[in-house]
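Please read them beside the coordinates.

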Amino acid sequence: MAPSATNESNGTNGTFKIQFETFSNIVNGKATPTSKTRHGINPANKKANIEVPVATQKDVDDAVAAAKVAFQSWSRTSIGERREKVVAYAAALKAHTAEFAKLLTTEQGKPLSHATHEVEASAHFLDGIARLELDDEVLEENEDRKVITRHTPLGVVAAIVPWNFPVHLACGKIASALLTGNCIIIKPSPFTPYCGLKLAELGQKFFPPGVFQALSGDDNLGPMLTAHPGIDKISFTGSTATGKRVMESASKTLKRVTLELGGKDPAIVCKSVNIAETAPKIATFSFLNSGQICVAVKRVYIHKDIYDKFRDAMVAHVKTLTMGDGMEEGNFLGPLQNSMQYEIVKAFFNDIEKEGQKVAVGGTLPQSNAKGYFIEPTIIDSPKEDSRLVVEEPFGPILPILLWSDEEDVIDRANNTTMGLGASVWSNDLDEAERIAKRLEAGSVWVNAHADIDPRFPFGGHKQSGLGSEWGVSGLKAYTNSQTVYLKKRV
Ligand code: NAD
């Protein structure tokens, strides 16, 4: 029977009681303190959060050694047994939603209702991925022989996670790695280390020591993992620049890599849309999480016949969005997550005056960030196509809207980027929408929706938005080696 979600003493490591006041690395089934500690900052008030460990090379070596030992037996369990444990773990996370959500808002800044949604979605992804099937594939079967492809686990996976969705992005990796029989070491971002450590702590109730570990540290830790010869795969989500460094380092030992990187998603709005319904949706997909989403809408191309009305409807909606501390009810936008990101986004605001850009709404920076890293949602009306705002990923609440009239031209402009993560087309003419959608160079293309993700469906980037995919069956396969077995029926 699967362990109970709420019974703290009913797991593999029964004495492990989860609490949310102290934070340790999780190595070989134990909470492992480090001699040096550091802390994250609550971005809504710049107060220091609780101390967290700074993992050393020895901690990495210990975790890898424990994972290697654990892999011997974990990889031989049946997929059914592993599924049961991941499903039970998902239920346990769901049962702890309130505690995780509060912790997430405190470390990441997003409104508590959005943090709650992230934790619930994470449990849903754990559960949904755990229920996927990864059967052997029969390639040939006749009197003489049977040939099958098996999907065998890789060994030790290091999961490197960013700070924008620290729970959700970690959980996709956890479910895929563990279901396929690998051991996993989670490395949260130094900006948001808290929930990642607690995810692993909670995991100790369900998985044998060494199967599910977590290491938190400073900027040295990521490179220690990508260089470690005992690690077989890096599942990385973060910026394109870091992704390239990860791939370079992983190449030294030919580690498998999955890279989920940056995006510059276009939304193409056709003239047949219902403006009153569509404009608020697109504004929401642009400013949710204060624009800090890999698949946020980052460029909006609006058909010339409806441009003014659509812009005005977006502006009207943006004016209703409230901003403030995520712990205060009713806020839609929290702060930017950290000072580094705040400075990056500020530079896009500085371009407004420099380039004489037209502000449709917002456009001013706060006098100071003494109260937290808040920046108001801003729409720039028809900036130059080669402006930084149209070309680069601000990863913050500033959005360019642009006008189009010719279908070929707008497709070219939408594809004129090194990124290729997501894209959407909005139209009541489904033939038109599908025709445009199929020409867009992106890993996920939505019609009349955006960022509509599901644990059953693969997610990944084209071009410099990534390599490989996570989630769905193809996501699972990325945590395995393909093995072709030739079974000759007679000697
Ligand atoms: P980042 O690249 O700065 O950091 C991501 C993670 O990598 C962190 O855990 C960090 O500590 C670690 N890291 C940093 N340098 C490293 C190195 N040399 N070797 C190994 N690890 C290293 O990214 P971020 O600022 O945390 O996240 C924002 C970016 O992530 C944006 O570009 C966003 O679009 C992208 N992102 C992509 C997806 C996706 O699924 N495609 C999802 C979320 C975010």
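1. Basis. This is a predicted model, in which local features need pLDDT of at least 70 and side-chain atom pairs count only at pLDDT 80 or more, while totals for chains, interfaces and linings use all residues. Residues are numbered from 1 along each chain as its sequence is written, and side-chain values use heavy atoms, with hydrogens and water left out.

2. Domains. The protein chain is assigned domain 1 (25-261 + 465-484) and domain 2 (265-455). These bounds come from an automatic or database domain assignment. The C-alpha centres of the two domains are 30 Å apart.

3. Extent of the interface. Domain 1 puts 30 residues in contact with 32 residues of domain 2; contact here means heavy atoms within 4.5 Å. About 2500 Å² is buried between domain 1 and domain 2, and carbon and sulfur atoms give 62% of that area. Buried area is the accessible area (1.4 Å probe) that two parts lose on being put together, summed over both. On the domain 1 side, Lys-46, Trp-163 and Ser-465 supply 24% of the area buried against domain 2, more than any other three residues.

4. Polar terms. The count of salt bridges between domain 1 and domain 2 is 0, where a salt bridge is a side-chain nitrogen of Lys or Arg within 4 Å of a carboxyl oxygen of Asp or Glu. Polar contacts are found: 11 residue pairs across the interface, both residues at pLDDT 80 or more. A polar contact is a pair of N or O atoms within 3.5 Å; within protein, one must be able to donate a hydrogen and the other to accept it, and residues adjacent in sequence count only if both atoms are side-chain atoms.

5. Make-up of the domain 1 face. Helices α3 (97-108) and α4 (112-130) each supply at least two residues of the side that touches domain 2. The largest share, 6 residues, comes from α4. Helices (H or I, at least four residues) and strands (E, at least two) are DSSP runs, numbered from the N terminus. The residues of this face divide into 12 nonpolar, 13 polar and 5 charged. Ala, Val, Leu, Ile, Met, Phe, Trp, Tyr, Cys and Pro count as nonpolar, Asp, Glu, Lys and Arg as charged, and the others, Gly among them, as polar.

6. Positive phi. Most residues other than glycine have a negative phi. Leu-254 has a positive phi, near 50°. Leu-254 sits in the loop between α8 (240-251) and β11 (256-260). Leu-254 is exposed, at 63% relative accessible area. Asn-448 also has a positive phi, near 55°, and lies in the loop between β18 (444-447) and β19 (466-467). Asn-448 is partly exposed, at 32%. Buried means under 20% relative accessible area, exposed over 50%, partly exposed in between (1.4 Å probe, protein chains only).
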